[in-house]
Amino acid sequence: MFDATVFLLILFVVFCALIFLSDYLFRRVPNNWLLIALAVQLGCLLVLGKGLNGIGWSNALSGLAVGMAFFLPLYALRAMAAGDVKFFAVLGFLLGPVALLPIFLIASLIAGGHAAVVYALRLGFVPGMQLVAMRMSRWPLYQWVLEKRGNRVGIPYAAYLALAAAWVGTSGAGVWMYFT
């Protein structure tokens, strides 16, 4: 018999990996992927009566609302990009409102570490890393990534949200007990 739970969990991890790569490399969260994730969850809720990790309609809709309401003021203050807001709302729809706080905290810790490293490098606290960064900037692959990124700069917060969501989502499904 087909187990929709495992299939949905694999899709979710792949979705998070795609968002991570896209935001980390290109500082972009494609709307198409967010719409596909919403459509898959909506289809599961309609057909199976439950979505990813067994959440129901009320958890999915309240997660969407909480996720949007939580980051929308930050977007209005220009402290958060639109892709981050939309992705966090979609995570709320996929995992429910209970998962949003741990995802936010974990992603914020990772982003804070990223900011500290960038700040230390810019101030020259790690002189050897400046040489590595200079050499890396000459690589054709790095040049291609910068060309595709355009003028989008900043910390890839959606990428760190994706990492945290993959961990929280798989933890909620009880996956990690098989690895201990």
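Predicted model: local features only at pLDDT ≥ 70, side-chain atom pairs only at ≥ 80, totals over all residues.
Local features need pLDDT of at least 70 and side-chain atom pairs 80 or more, while totals for chains, interfaces and linings use all residues. Residues are numbered from 1 along each chain as its sequence is written, and side-chain values use heavy atoms, leaving out hydrogens and water.

Let's start with the rings. The whole structure holds 9 aromatic pairs, where rings of Phe, Tyr and Trp (its six-membered ring) pair if their centres lie within 6.5 Å. Take Phe 70 and Phe 104: their centres sit 4.9 Å apart with planes at 85 degrees, so this pair is edge-to-face (over 60 degrees; under 30 is stacked, the rest tilted). Phe 70 belongs to helix 3 (residues 57–76) and Phe 104 to helix 5 (residues 100–123), so the pair ties together parts 34 residues apart in sequence. Helices here are DSSP runs of H or I, at least four residues, numbered from the N terminus.

Phe 70 is partly exposed at 38% relative accessibility, and Phe 104 is partly exposed at 22%. Next come Phe 71 and Phe 88, stacked at 4.2 Å centre to centre with 20 degrees between planes. Both Phe 71 and Phe 88 are buried (under 20% relative accessible area; exposed is over 50%, partly exposed in between, with a 1.4 Å probe and protein chains only).

Notes. Helix = DSSP H or I, 4+ residues; strand = E, 2+ residues; numbered from the N terminus.
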